[in-house]
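Let's take a friendly walk through this structure, one part at a time. Keep the 3D view open as you read.

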Amino acid sequence: MTLVVSDLCVDHGAIRAISGVCFEVGKGQLAAVIGANGAGKTTLLRTLSGLKSTSSGTAFWNGHDLLHAKPEQLVRLGISHVSEGKSVIPELTVEENLNLGALWRSNGAEAPATLIQVLATFPRLAERRSQLADTLSGGERQMLAIGRALMSKPELLLLDEPSLGLAPLVIAQIFQSIRDLTSAMGLTVVLVEQNAMSALKIADIGIVLNLGSVVVSDTAKNLIENPQVRAAYLGY
Amino acid sequence: MYQFINTVLNGITSGAIFSLMAIALVLVWRSTRVINFAQSGMALLSTYIGFECIQRLHSFWIALPLSMIAGAFFAALVDTFFMRVLFRRTADGPISGVAPIIATLGLLGLIRSSLGMIVGNSDASIRPPVSNVGFTVSGHTLAFSPLKLMTLSMVIALMLGLTLVFQRTNLGLALRASAYAPEIARLAGVRVDAIRTIGWALAGAAGAAAGMLQTPNGNGALAPDSLEFNLLLVFGFIAAVIGGLESLVGAVVGGLVLGLFLAFIQYYVSGSLVFIAAFCILIIVLLLKPKGLLGSKAGRRA
Amino acid sequence: MHKILHTNLGRALFFTALGFGLFLASNRIDELRVYQGATLAMFVVAISSLILLTGYSGQVSLGHGAIMAIGAYAAALARIHWGLPVWLCFSAAVVVAAFAGAVLGTAAARLSGPYLAGTTLALAVGLPSIANQFHVLGGEQGLLFDIGQPPSWLGADFTSYKWYFWIGSSACLITLWWLQNILRSRYGRTWRAVRGNEVAAQLCGIHAGKSKTLAFSVSSGLAGLAGALLAMTISTVSPSAFPLSLSFTLLTGAVLSGITTLPGVIIGAVTLVATPEIADAISQRMANSESVTTNLPGLLVSALLILVVLFVPNGPVEQMRMFRVKARSHTKN
């Protein structure tokens, strides 16, 4: 039950966004991918979830090839991607946004139970169940986006910058929920973050990207103590 | 006074048919960001199929759903085997913006001229299934007839049906999600391509219904080069634009507003100004309220 | 040849030489071909007007048939009511259509692709029916547009068809020469900039709305000229001469020519002139029934439109150019 990425290369037109990236994430692990703007973090996630086509390399989840499948097929393999910038649909209500995540599952019987579970995780959403997603605050939208991903009962969760544009207090809250969920549901998580410190604090392993290549990958603990990483990404 | 009531009732009836066409255009616009100029051709084809059904089965009531199914089926074929190929082949380059417009126009021409070759000059017509003689109220004969009542109730029933599908079913949720945010819908596991085809099919059915109801409401005649269907397309487009092009509720409101407005122009000003008036209202709405009378947020909901 | 076209003098010489060639040719071919030559010239002007609008300014019009009608009616009214000389009638067609285009273009400049397409389509559907309702426009029968006999100094055996051809090809050559010049001018560059990236163009100080309105107006003026030429060849102006299918036909011609490039315009025009003849030949061989004869040209035009959009969306000329570029870069490697 692992995510194995090896020698992955992705091009944006003539520009190579990711070159020769290799890493592994074991079952139940939370991996934080950190790096500066333009390091290729978002591209990496979009490639893993089928939104972006690859140039070369391989990526497997439990032996399934991720690089030649469409996003809607990958969801059926237990992979959920929360894309950058609070990916909710503002024209739908909170409950509709959540139900969207469970639409594809043929036996709809489980969906209400999952819904209750998700609403218990994010009580704020329960209060706003029938409101339009448009009326939510930034933090609530991020909770909704994660909640929608959880409705698909994923085994692998890909999170893109959940802290983007949020207040520090809200960030702490969201990251705590991510950590709790990972442990409680046995999820494997790949978390892409610019907010390196917060991400590494809750992660098991960390991968540092720079200009499309892996600079270091180690346990999160070691990375926090690594003087170079501290200087370049943690700011002290 | 009776004149006024007549005008309102007639305006609502013709407006309801415009609404159906507008709904068809909006459904396609929302699912693939294309104005389907072939919609009138597809409606024409479905109406001919309905006409053939009436000839064989002698019942308008069986022919109507059959023609709607045929319309849905044809629209689904067009999306799967034509539009998808088109989008793949013209994804970039200077032509990408105009290609769908040109392609649907070509399709319109293709449908009309092939229909013309097949049916030729044989005069087809659909007779009203119920009387078109106006109701009599305390000695006055209204211009509002059982046929118009039937048309109006059919349109209302279809709209209610569509609203239920969109608001209460999983399919409706998938349709709305794919329309508003295709990428998020895909990430949530919705097969957006298939859902789009369903959107086209619903549009095909709505267009077929518009054609089947409009024909007996006019003079009943059906011809491959009929101006009636061109006008239906244009008025449907104007109604959709009035409603903001994004919303089904908007399409219905737009159709009714346009129908009423044109009925008043026809009775109180001049019949020959109807088209000019419609064109002016289109230009005014586009310049003053480009997002439609309902505005974007409220309009985009349903 | 490309180098000759890059200088002003070169272009003027090129088009003069072309005109002289056409003049010589008109003496050697039979009447029917001469008449088709006049139609060809009309289509070249009409298609260029559409290419200017769509290819260079990025706007799309499904209603150029209606704008041609405006020009044709203007020319006919000027001839009937004021008895103006022919060349002034054509100028009237250009001016009136350009004015109508400026009014429409003001609205059009604020509309994006599908909205503009729908609005111009509405115009194409509605305008002929408007002409039906006004007495001054002659109703269903329309108006007579008689440009008179060719001047006597051309000789007694100079036929009307040849006269049409001369007028048509001069108008066409002048149009193309003028277009070549304007597309290389400041205006041409502005249009291309706005088409390429409206925001970027605005940041460079270009008024995108004005630029689009101007393009629409110029394109309409040319379409008006084409309308007057069409009216000349059939001697009448009536609603049935400008049906919705005319707008579609023009669009097919433009797409066939390669909607982004002017040089291919002759391909589109020749195809449009040839289509009815081909359709005629096929229908005579096939069935010769009336419904086939009347509908086959439309069928061919629409089928052609769809095939071109699907398989050579940028037009055959551009496709060849891209092919050559690819081949060249291949040999370099």
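Strands β1(A) and β2 (residues 15–25) of chain A run antiparallel and are joined by seven bridges. Please bear in mind that this is a predicted model. If you look along the pair, you will find L8(A) with V21(A) as its bridge partner in β2(A). The hairpin that β1(A) and β2(A) form has two residues between the strands, and G13(A) takes a positive phi near 60° there.

Strand β1 (residues 3–12) of chain A also pairs with strand β4 (residues 56–61) of chain A, in the antiparallel sense and through five bridges. Here S6(A) stands opposite T58(A) of β4(A).

## A buried strand

Now move along to β7(A). Is this strand largely enclosed by the rest of the structure, or left open? Strand β7 (residues 156–160) of chain A has five of its five residues buried, so the rest of the structure largely encloses it. Both of its faces are covered: L156(A), L158(A) and D160(A) are buried on one side, as are L157(A) and L159(A) on the other.

Which strands pair with β7(A)? One is strand β6 (residues 79–82) of chain A, which runs parallel to β7(A) and is joined to it by four bridges; within this pairing, V82(A) has L159(A) as its bridge partner. Another is strand β8 (residues 188–193) of chain A, also parallel, with five bridges to β7(A). In that pairing L159(A) stands opposite L191(A) of β8(A). Together with helix α7 (residues 168–185) of chain A, strands β7(A) and β8(A) make a right-handed β-α-β unit.

## The largest nonpolar core

L191(A) turns up again in the largest nonpolar core, which has 288 residues; L191(A), I238(B), A75(C) and A93(C) are the ones that touch the most other members. In chain C, domain 1 (4–242) and domain 2 (244–333) both give residues to this core, so the core lies between them.

Take a closer look at A93(C). Setting aside neighbours within four places in sequence, its contacts are G71(C), A72(C), A74(C), A75(C), G224(C), L225(C), G227(C) and A228(C).

## Where chains A and B meet

How many residues does each chain bring to this contact? Chain A gives 19 residues and chain B gives 17 residues. On the chain A side, the elements giving two or more residues are α2 (71–76) and α3 (94–100), and α2(A) has the largest share, with four residues. By class, this side of chain A holds seven nonpolar, seven polar and five charged residues.

Definitions and conventions:
Residues numbered from 1 in each chain as written. Chains lettered and ligands numbered in written order. Predicted model: local features only at pLDDT ≥ 70, side-chain atom pairs only at ≥ 80, totals over all residues. Core = buried A, V, L, I, M, F, W, Y, C linked by C-beta atoms within 7 Å. Buried ≥ 20, exposed ≤ 12 C-beta atoms within 10 Å, placed from the backbone. Domains from an automatic or database assignment. Contact = placed C-beta atoms within 7 Å. Nonpolar A, V, L, I, M, F, W, Y, C, P; charged D, E, K, R; others polar. Pairing = 2+ DSSP bridges. Right-handed = clockwise from strand over helix to strand, strands pointing away.
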